[in-house]
Amino acid sequence: MDTLLKTHNKLQFLHPIHGFADKVSTFTSSKPQTLEPKYSKKTHIKLNKDFCLKASSSALLELVPETKKENLEFDLPLYDPSKGIVVDLVIVGGGPAGLAVAQQVSAAGLSVCSIDPSPKLIWPNNYGVWVDEFEAMDLLDCLDTTWSGAMVYINENSTKDLDRPYGRVNRKQLKSKMMQKCISNGVKFHQAKVVKVIHEEYKSLVMCNDGVTLQASVVLDATGFSRCLVEYDKPYNPGYQVAYGILAEVEEHPFDVNKMVFMDWRDSHLDSNKELQDRNKKIPTFLYAMPFSSKRIFLEETSLVARPGLNMKDIQERMAARLNHLGIKVKSIEEDEYCVIPMGGPLPVLPQRVVGIGGTAGMVHPSTGYMVARTLAAAPIVARAIVEYLGSDRGVLGNELSARVWKDLWPIERRRQREFFCFGMDILLKLDLDSTRSFFDAFFNLEPRYWHGFLSSRLFLPELLLFGLSLFSHASNPIRLEIMAKGTLPLVNMVNNLLQDKE
């Protein structure tokens with residue numbers, strides 16, 4: 001799934017009003033830190049050929065590799081602070097969302113500067129996407145592997161064969177493609193961290209940790225989950241998707257190389273460990289796997305959503321037990337990753353002077369943790385709005401310009417859609433293993449247009465209500481009763497929020 005945040009395994013789940021330094025850009029802040037994220041740790045470790053992960057986290061913890069960062073070979077056109085010009089758009093953060101907006105705004109002839117502490121660093125994320133999502137954005141050349149479909153293991157006796165192609169994003173190719181277009185369009189780059197933004201009536205001053213101050217007509221926060229530039233005014237209490245993954249060479253694995261494993265909810269690997277089994281029954285985890293060959297595979301144990309987030313050591317223990325049970329012997333590890341994705345929670349203040357996109361703008365799917373395709377699809381909306389309102393007549397500036405861009409990014413139909421997704425998350429938070437299995441058994445029995453649309457954020461409120469009714473009709477009687485019992489309060493909250501949200 002989308003891997004949005006890489007961290008070490010000493011996680012602290014706090015709930016501040018402002019967040020934390022993320023994988024793209026670190027900000028100094030007097031606010032408490034939610035997490036202490038770092039780049040994904042990558043290496044290539046050779047193990048004894050007879051080594052087999054046992055049902056303990058100790059074997060996995062011993063494999064923590066050295067940090068390895070890979071950079072693109074680009075000569076970047078740098079921002080020249082001596083000129084003192086007012087840049088049309090300053091983008092803070094050089095992830096997929098930031099570069100996509102930079103590419104499209106600069107193509108319209110506006111001046112753009114991208115600020116990032118490591119602008120040439122290849123993103124450490126393992127992004128998985130449905131192929132049709134990238135095909136719609138003409139990004140098929142940025143997938144390095146595709147599978148004809150996906151498998152879901154509900155339990156030991158029930159599986160779902162999903163007829164929807166899936167792909168892994170080639171991080172290097174995607175960033176190279178975006179960077180090349182940005183450079184050819186005249187985008188300038190500044191290697192630094194933003195520490196403060198001061199707004200004047202028609203421009204903003206973006207202050208960096210190297211002492212440079214840029215002047216900008218519009219500032220776009222594309223830093224993921226830092227939440228230091230974009231402001232929030234409501235308590236932040238999201239659910240958390242937490243996962244541990246490895247890209248490994250193995251002696252063998254039991255999965256079909258033509259299908260990726262979207263979810264494996266089986267728990268027979270925990271039969272010999274009652275303590276782990278009991279924890280998994282309360283807050284279940286599943287295996288997500290991308291087999292590249294019979295001996296090379298990406299394996300990730302994932303807690304879909306929990307509040308507070310599941311302990312990383314717990315997830316590692318479950319993964320080790322699963323691999324041992326499946327007979328997967330790890331010969332070497334190319335990279336590992338610790339992932340934390342805040343899900344749900346409030347939207348930022350709408351509108352506000354700094355424009356946001358991606359995680360900092362609340363765009364993570366609250367029920368699934370997906371974001372990359374949704375964010376890349378939203379980039380043209382933000383770019384078109386900036387180009388339109390910051391056009392040649394310069395008739396719209398300052399707060400009015402930002403308000404119009406925010407309105408285009410979060411129109412009421414998108415806000416209503418997100419409210420329904422948060423309702424879905426609130427139900428998932430309350431389900432144990434058996435109920436989670438029953439839920440997804442019904443979910444993947446729906447017409448493809450429903451589950452496709454839900455996972456890809458293509459359904460809006462009228463369709464989502466039909467989706468909900470269809471899901472309820474496909475569910476077993478026990479899960480219907482559980483949804484009614486545990487979903488009543490979230491439903492009331494959703495309806496109340498929908499009634500209060502005006503155009």
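The lining of the largest pocket comprises 16 nonpolar, five polar and 11 charged residues. Here Ala, Val, Leu, Ile, Met, Phe, Trp, Tyr, Cys and Pro count as nonpolar, Asp, Glu, Lys and Arg as charged, and the others, Gly among them, as polar. The structure is a predicted model, in which local features need pLDDT of at least 70 and side-chain atom pairs count only at pLDDT 80 or more, while totals for chains, interfaces and linings use all residues. Residues are numbered from 1 along each chain as its sequence is written, and side-chain values use heavy atoms, with hydrogens and water left out.

The largest pocket holds about 1000 Å³ of space. Its lining has 32 residues, of which K234, P346, L347, E419 and N497 are the closest to the centre. Helices α8 (398-409), α9 (412-428) and α13 (477-500) are the elements that give two or more residues to this lining. The most come from α9, with eight residues. A pocket is an open set of points on a 1 Å grid over the protein atoms alone, where a 1.4 Å probe fits, with protein on both sides within 12 Å along at least five of seven lines. Lining residues have an atom within 4 Å of a point. Grid points are joined across faces, edges and corners, and a volume is the space filled by probe spheres set on the points. Helices (H or I, at least four residues) and strands (E, at least two) are DSSP runs, numbered from the N terminus.

The second largest pocket holds about 570 Å³. It is also lined by 32 residues, and F420, F423, I427, G468 and L471 are the closest to its centre. At least two lining residues each are supplied by β14 (259-264), α9, α10 (433-443), α11 (448-455), α12 (461-474) and α13. The largest share, eight residues, belongs to α13. By class, this lining has 26 nonpolar, six polar and no charged residues.

L481 lies in helix α13. Its relative accessible area is 55%, so L481 is exposed (buried means under 20%, exposed over 50%, partly exposed in between; 1.4 Å probe, protein chains only).

The whole structure contains 25 salt bridges (a side-chain nitrogen of Lys or Arg within 4 Å of a carboxyl oxygen of Asp or Glu). In the pair E70 and K172, the closest N and O atoms are 3.7 Å apart. E70 sits in the loop between α1 (57-61) and β2 (86-92), and K172 in helix α4 (171-184), 102 residues apart. Both are partly exposed, E70 at 44% and K172 at 43%.

D441 and K160 pair with the closest N and O atoms 2.7 Å apart. D441 is in helix α10 and K160 in strand β7 (159-162), so the bridge ties together parts 281 residues apart in sequence. D441 is partly exposed at 27%, whereas K160 is buried at 11%.

Strand β7 also holds D161, which bridges to K259 in strand β14, so parts 98 residues apart in sequence are tied together. The closest N and O atoms of K259 and D161 are 2.7 Å apart. K259 is buried at 16%, and D161 is exposed at 52%.
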